[in-house]
Every structure is written in structure tokens, then in C-alpha cells.
Amino acid sequence: MRTFLTIYVLVIAVTVSILGFRGSLTEKEPVEVFNDMDRQAKYKPQAENSFHANRQNDRLPPKLTMSRGNALDVKNVFNPEFTAKSASEELVLSGKGANGEFSDIFPYSVDFELMQYGQESYNIFCMTCHGVAGDGNGVTKPYGILATSYHDDRLRDAPDGYIYDVITNGKGLMYGLKDRLSNKQRWAIVLYLRALQRSQSASLESLSTTEKSELGL
Ligand code: HEC
């Protein structure tokens with residue numbers, strides 16, 4: 001009987017203490033056993049900071065870091081009514097030509113620097129799923145992400161603008177990367193993707209005599 005009474009009283013006490021205080025408001029400071037991150041020293045955006053010469057918290061983004069948006073006209077691209085002004089700008093933005101179809105014109109002049117930029121970006125943003133050689137053998141494959149191989153005729157013949165559009169807006173299971181990569185970076189990846197395709201399908205005839213002799217052929 002004694003045990004029963006003790007348990008009975010305990011159960012009532014616990015029930016009342018859990019349910020009894022639900023929903024009641026108080027002005028008092030809460031008891032903080034562990035205060036988690038409720039109070040912390042931090043720098044708020046656009047606040048003052050005596051540490052920096054210009055007394056601002058905000059810093060300019062470091063060199064070579066990603067700029068979000070289109071990097072074309074900062075004031076305009078965040079405007080919902082923004083439309084490209086010229087055909088070449090439209091091509092850079094959407095990969096489409098004047099006729100509204102995906103274009104095969106590459107909008108930047110191609111050099112080794114752009115190719116390296118593409119390779120670097122590809123290795124960061126695509127390689128995990130598509131693999132080093134673009135054959136779909138990425139580290140995510142065992143987890144069921146079957147990224148398409150670039151080495152089939154359909155993608156070899158697809159216009160540059162189409163590849164650009166896949167990177168921009170995604171396709172099927174693949175998400176688009178327009179919020180993470182600038183236009184130029186996406187085009188640089190298209191360039192590198194073409195190099196990857198070539199690396200797996202170059203024919204002997206397409207090599208120059210010098211290249212052939214370099215390879216001992
Ligand atoms: C999270 C994994 C993942 C990442 C990262 C990723 N992809 Fe994909 N990608 C996929 C999957 C999955 C598909 C197949 C989509 C489908 O058809 O449903 C695909 C398809 C594609 C296709 C073929 C589209 C077609 O017409 O079949 C291309 C081209 C492509 N990706 C390029 C890229 C490039 C370039 C990058 C880097 C900028 C990239 N992907 C990053 C998973 C990824």
C-alpha cells in the first residue's frame with residue numbers, strides 16, 4: 001500500500017509538472033541549464049566594426065570565390081522583368097540562339113585558361129556523380145545515383161547550348177546549378193566536357209601528322 005501511494009503521488013506530480021505548465025507565458029528569464037547558442041558573440045551583417053579600417057563588418061568576397069547570380073548586370077538580373085538585351089547576351093544566358101533552339105555557338109573565345117577553369121569547376125561540381133572521365137562512375141554510384149555517361153552519340157551530337165542548359169536548369173534527377181555557378185563557369189564546364197568526350201572517342205584520322213609522330217604512330 002505504501003509503495004502504491006508513493007508511486008501514485010509521483011505519477012500525479014510528474015503529470016502535473018509536465019502538462020500543468022504547458023502554454024503558460026512568463027516574462028521571467030528562463031532557467032538555462034545549457035544555454036545552447038541563445039547568446040553568443042557574433043558579427044551581424046551591415047553592423048559596425050572597429051577592427052576594420054572602414055569600420056564595417058562586411059568584407060568584399062575574396063578573389064576567385066563564386067559570385068552568385070549572372071554577373072551580367074547586378075541591378076537588372078534580380079529584377080523579375082529582366083530580359084537579355086542582345087542575341088549574344090541571350091546565348092550566354094540561356095544557350096539558345098535567335099531562333100529559340102539550343103545553339104552550337106560557343107560564346108567565349110577558347111583558350112587553355114578557360115579549359116583549366118572548366119576542369120577545376122568540373123572536378124568540384126560534377127565529378128562526384130559523373131566520374132573523372134565523365135563516364136558516370138562517380139563516388140556516388142554505389143549509393144544509387146546513376147549519372148549519365150557523356151560518351152554516347154546523343155550527347156556527343158547535342159549542341160553546346162543544350163549541355164549548358166542541363167548544367168543551368170538540371171534534368172530529371174540532376175539538379176540545376178545556376179545558383180552556384182556563374183554563366184562563364186558553366187560555359188567553361190561545357191568546354192571541358194567536350195574535351196572529356198574527345199578524350200574517349202578521338203579517331204586516328206583526326207590527329208595531325210605531328211601529333212601522330214608524337215604518339216609514335
Ligand atoms: C548529384 C549528382 C550529380 C551532379 C553533382 C551532377 N550531375 Fe549531371 N546528372 C546526374 C544524374 C542522376 C543524371 C541523369 C538525369 C536523368 O536523366 O534523370 C545527370 C545527367 C547529366 C547530363 C545528361 C543529360 C541528358 O540529356 O541525358 C549531363 C550533360 C550532365 N548531367 C552534366 C553535368 C555537369 C556538367 C555537372 C556539373 C556542373 C553535373 N552534371 C553534375 C547527376 C549529377
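The legends below describe close-up views of a predicted model.

**View 1. Overall fold of the protein.** Nine helices and two strands make up the elements of the protein. Their order from the N terminus is α-α-α-α-α-α-α-β-β-α-α. Of the 217 residues, 26% are buried. The accessible surface is about 16500 Å², with 58% of it belonging to carbon and sulfur atoms. Of the contacts between residues at least 6 apart in sequence, 47% join residues at least 24 apart.

**View 2. Iron site of the ligand.** The iron atom of the ligand has two protein donors, H130 (NE2) and M174 (SD), at 2.0 to 2.1 Å. H130 belongs to helix α5 (residues 127–130) and M174 to strand β2 (residues 174–175), so the pair ties together parts that are 44 residues apart in sequence. The site is octahedral, and the angles among its six donor atoms run from 86 to 179 degrees. H130 is buried, at 9% relative accessibility, whereas M174 is partly exposed, with a relative accessible area of 29%.

**View 3. Largest nonpolar core.** This core holds 23 residues, and those touching the most other members are Y122, Y150, I163, I167 and V190. Helices α4 (112–125), α7 (160–169) and α8 (183–201) each contribute at least two residues to the core. The largest contribution, eight residues, comes from α8.

**View 4. Surroundings of Y122.** Beyond its neighbours within four places in sequence, Y122 contacts M127, H130, G131, V132, G134, Y150, I189, Y192 and L196.

Technical notes:
Residues are numbered from 1 along each chain as its sequence is written. This is a predicted model: local features need pLDDT of at least 70, side-chain atom pairs count only at pLDDT 80 or more; totals for chains, interfaces and linings use all residues. Side-chain values use heavy atoms; hydrogens and water are left out. A nonpolar core is a set of buried Ala, Val, Leu, Ile, Met, Phe, Trp, Tyr and Cys residues joined through side-chain atoms within 4.5 Å. Buried means under 20% relative accessible area, exposed over 50%, partly exposed in between (1.4 Å probe, protein chains only). Helices (H or I, at least four residues) and strands (E, at least two) are DSSP runs, numbered from the N terminus. Contact means heavy atoms within 4.5 Å. Accessible areas come from the Shrake-Rupley method with a 1.4 Å probe; for residues, only the protein chains shown count as cover. Donors are N, O and S atoms within 2.8 Å of the metal (3.2 Å for Na, K and Ca); water is not among the atoms, so sites may look incomplete. Four donors count as tetrahedral if all angles lie between 85 and 135 degrees; four count as square planar and six as octahedral if opposite donors are over 155 degrees apart and all others between 65 and 115; anything else is irregular.
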